[in-house]
Amino acid sequence: MPALVAFGRRWRIGSDDFVFPGLTEALVRFIWIVLGSVAVALHYPKDCEKKDKTEILIYVSVLLLLNIVVTLLCLVMARISARGAIMESNPRKPIATLIYVRVPLFLFEIVWTIIATIEVFRDYNICGFITFLRVVVCLEWTLVAIVVVGLIVVFNPIKEDEMNDRALISRRGVSRTFNLLKIKEDSLMRRALEDIANLMSSFFVGQDLVASDIAAGLLLVVHSPSNEYPPTKADVRAVPAWMTPASALHFLHFATCVYGWSTYLMYNRSVAAWSALAKSVKCCSGMRCDQVLVVEDNCCMCNTASLQLATKGRNVDLFYVSFRNRLYEVPFAVLADHDSHSIVIAIRGSLSLIDLVTDLTLDDEVFSVDVDCDPVLVGDHSLDAADGSEVRVHRGMLRSARYVFDTIRKKSVLEDLYVLNPGYQLVVCGHSLGAGVASLLTLLLKQQYPSVRCYSYSPPGCVISENGQAEMETHVMSVISGDDVVPRMSYQSMHKLRENVEMELRQTTRAKYEILIKGFFRLFFHAPWELSSPPLLGEGVDTLNLIGERTASVGYGTETPIALQIPEERIQKALGADAVGGASTVAIEMTERSSASLHSLNTPSSLAPTPLSTTSSIFTITKAPERTVMHPPGRCLYVSLDPIEGSKDTVPKSEWIDYRCLSEVKLSASAMTDHLPKSVANVLERLLETQAELP
């Protein structure tokens, strides 16, 4: 729902967000009341001097009374906050008044707690149960601290009368968030953060939603009965012989090892493994290796030690390791794998806030221009599309790939390795962000090493444009696991997800707390209740013919439909020809009878239709700015563990798919876990075991 407005500010919380905090605070304060009452009843006035009896009674009684009043107030706020649907704020109007009552009580509670603290922490023992009283006062300070932290989290420094330019407000909010993360800034970082702030603001401009609204909307989208994802489209073209699940599993080990000590401990949860790592580190002793050149590891060389331990059982020689992590500078390792007769460049995925900035630098750059400015690669015309159109790639990943390329060329890493290992195959691999960087690095390397191969695990869905895929498919194999959300994430897919979230929020008539409880429960368990929507009411009338003939399904959680999907062509008509190529906004006015009026906010008000009803609600749909459509790189092998009907067991499945079918974000309980390297490895291992059992 719209953000709560109080004290002249629009807070980062809605009036329906007090259910869980209110009940939790009421429960904690109730426990405090019980403990305090029991302590006073059992010990007062035992062992207390006459003067101290009255003082203690006053201090404790006032605190007990305060907690009783605040507990009742929290219960009332929770009850009112649970009223109505997410977008219906009228039933929750008393929340603002209750907040104005709550604030003076909270300030008085702080003052009285200070007085009680001074009294109970005096040097002499005023009562026999003074220790218990001190514990009670400390618990009171804990309650106060929790409330203060909550206020800081939801506080909005911008006043309500300064909220005219929502895009500017969004940019400021994103910039402030990154500043709070204490990311070291220079001119390059500042430009990157400004670009990210502009990008993020484009997703939410014109919308008045808080974080819990988005969470509830995502759950509505997940469980919507009308939610359909593009089916996996098989790619029946022949694939190179080296693109096999077995080789993908082999090189996945190196892409995982380069993550460093944290991932080593996560995947090796045994005393022996942890003890081996502890013995291998060289804390602050200036570790030097004659055979391995290590760049910018921590003082204990933990990452290098874990990398050596992870490859100890394999016939591998580490040659160059860099854990330098700056903007557009990703950690990577170069090694010789004698089992596969390969020289491997393994690039680390996202593991730090700096990597997050690189991930979010979604602006695209012309790959051909960046390459052609290099005197070595200027003759590689295969990097340009056949029709002369541009090949565009993810800016952050391209700059990171250029960093790795320049580093290994400056250090003559590959040349030295080929002297030691002539005839070896060059392989580049990486996971997540490292997968996108590895695929672009492959295109940079292929001029000098035409047979270079790349294994890309769970790559982002916004690496390269359509024009560059033909060259990518020759050199890059991407492995997509299950419902992994990352390969399905692009600028266009995220905008489509946002539109689905907004539509579901407008349609639902369920309260937010109900959506959150039942939605999260259904993610992991079989729900005993039915959450699908009833059929459309017969009396709904579409007076302006805005509702498409094949959009009869309504959102999950809807009991009385308020709005239905509006065909894209009708939105484009309202936007007008002048809106093409830029961001525009459409105002859609929905009434209680499912009828609507639609007009562009760019048109004069005199041309806008007359409102259909005084009870209508207005919301906006923002047209996404035109951007190049980006895709995951190379040939895509889709692997998954499909459930067996009537059984809890699963069967591994693999299929070469068209990268275009990864155009929508698929939300499920495993959308995040399927992205982990361990999950990808498990599916590939199961797949190879199944193939080995075949005759």
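A charge is taken to sit over a ring if NZ of Lys or CZ of Arg is within 6 Å of the ring centre and within 35 degrees of the ring normal. In this predicted model, the charged end of Arg-635 sits over the ring of Trp-656, at 5.8 Å from the ring centre. A further such contact is made by Arg-314, whose charged end sits over the ring of Phe-254, 5.8 Å from its centre.

A search of the whole structure finds 7 aromatic pairs. Among them is the pair of Phe-251 and Tyr-455, which is stacked, with 5.0 Å from centre to centre and 15° between the planes. This pair links distant parts of the chain, for Phe-251 lies in helix H8 (residues 245-257) and Tyr-455 in strand E10 (residues 453-457), 204 residues apart. Phe-251 counts as buried because its relative accessibility is 5%, and Tyr-455 is likewise buried, with a relative accessible area of 2%.

Another of the pairs joins Phe-332 and Tyr-403, and here the arrangement is edge-to-face, with the centres 6.3 Å apart and 80° between the planes. This pair, too, links distant parts of the chain: Phe-332 is in strand E5 (residues 332-337), while Tyr-403 is in helix H14 (residues 395-410), 71 residues apart. Phe-332 is buried, with a relative accessible area of 0%. Tyr-403 has a relative accessible area of 14%, and because buried means under 20%, Tyr-403 counts as buried as well.

Terms used:
Residues are numbered from 1 along each chain as its sequence is written. This is a predicted model: local features need pLDDT of at least 70, side-chain atom pairs count only at pLDDT 80 or more; totals for chains, interfaces and linings use all residues. Side-chain values use heavy atoms; hydrogens and water are left out. Rings of Phe, Tyr and Trp (its six-membered ring) pair if their centres lie within 6.5 Å; planes under 30 degrees apart count as stacked, over 60 as edge-to-face and the rest as tilted. Helices (H or I, at least four residues) and strands (E, at least two) are DSSP runs, numbered from the N terminus. Buried means under 20% relative accessible area, exposed over 50%, partly exposed in between (1.4 Å probe, protein chains only).
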